[in-house]
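Thanks for making time this morning.

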Amino acid sequence: MKTKTAKAKELFRNGRVVEALKIFSTFKVGFTKEEKRVLQIAYESQTGNAGFYQSIGIDTNAMSNKAKEIIQKVYEI
């Protein structure tokens with residue numbers, strides 16, 4: 001049985017970023033509070049809530065890019 005981390009890393013490596021973000025955004029350990037927020041915003045932005053975040057002044061594209069960088073840094077992918 002694969003762990004959530006192994007599954008999320010595999011999804012990310014295979015280019016299935018939204019599915020990987022869905023898992024990573026639920027992690028309670030391994031990310032700072034700010035990193036968890038970035039992952040959550042990036043996931044929600046890619047699943048239909050981008051308009052909300054843009055309406056409150058958040059650059060959703062920047063958040064998505066930052067989320068990818070965080071995952072790559074933490075998991076050395």
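Predicted model: local features only at pLDDT ≥ 70, side-chain atom pairs only at ≥ 80, totals over all residues.

In α4, the residues T60, M63, S64, A67, I70, I71 and Y75 are buried, where buried means under 20% relative accessible area, exposed over 50% and partly exposed in between, with a 1.4 Å probe and protein chains only. Seen down the axis of α4, these buried residues fall within an arc of 120°, so they line one face of the helix; the arc is that of the directions from the helix axis to the C-beta atoms. An α-helix has 3.6 residues a turn, so residues three or four places apart point the same way. On the other side of α4, N61, E69 and K73 are exposed.

Residues are numbered from 1 along each chain as its sequence is written, and side-chain values use heavy atoms, with hydrogens and water left out.

What covers the buried residues of α4? The cover includes α1 (4–13), α2 (17–24) and α3, helices being DSSP runs of H or I with at least four residues, numbered from the N terminus. Within α3, which comprises residues 33–55, lies E35, and at 12% relative accessibility E35 counts as buried. Leaving aside its neighbours within four places in sequence, E35 is in contact with G30, I70 and K73, contact meaning heavy atoms within 4.5 Å.

Turning to the ends of α4, D59 caps the N-terminal end, with a side-chain oxygen 3.1 Å from the backbone nitrogen of N61; a polar contact is a pair of N or O atoms within 3.5 Å, where, within protein, one must be able to donate a hydrogen and the other to accept it, and residues adjacent in sequence count only if both atoms are side-chain atoms.

Finally, the aromatic residues: F24, F27, F31 and Y75 form one cluster, and rings of Phe, Tyr and Trp (its six-membered ring) pair if their centres lie within 6.5 Å, with planes under 30 degrees apart counted as stacked, over 60 as edge-to-face and the rest as tilted. The count by this rule comes to six aromatic pairs. One of them, F31 with Y75, is edge-to-face, at 6.0 Å centre to centre and 70° between the planes.

Definitions and conventions
Helix = DSSP H or I, 4+ residues; strand = E, 2+ residues; numbered from the N terminus.
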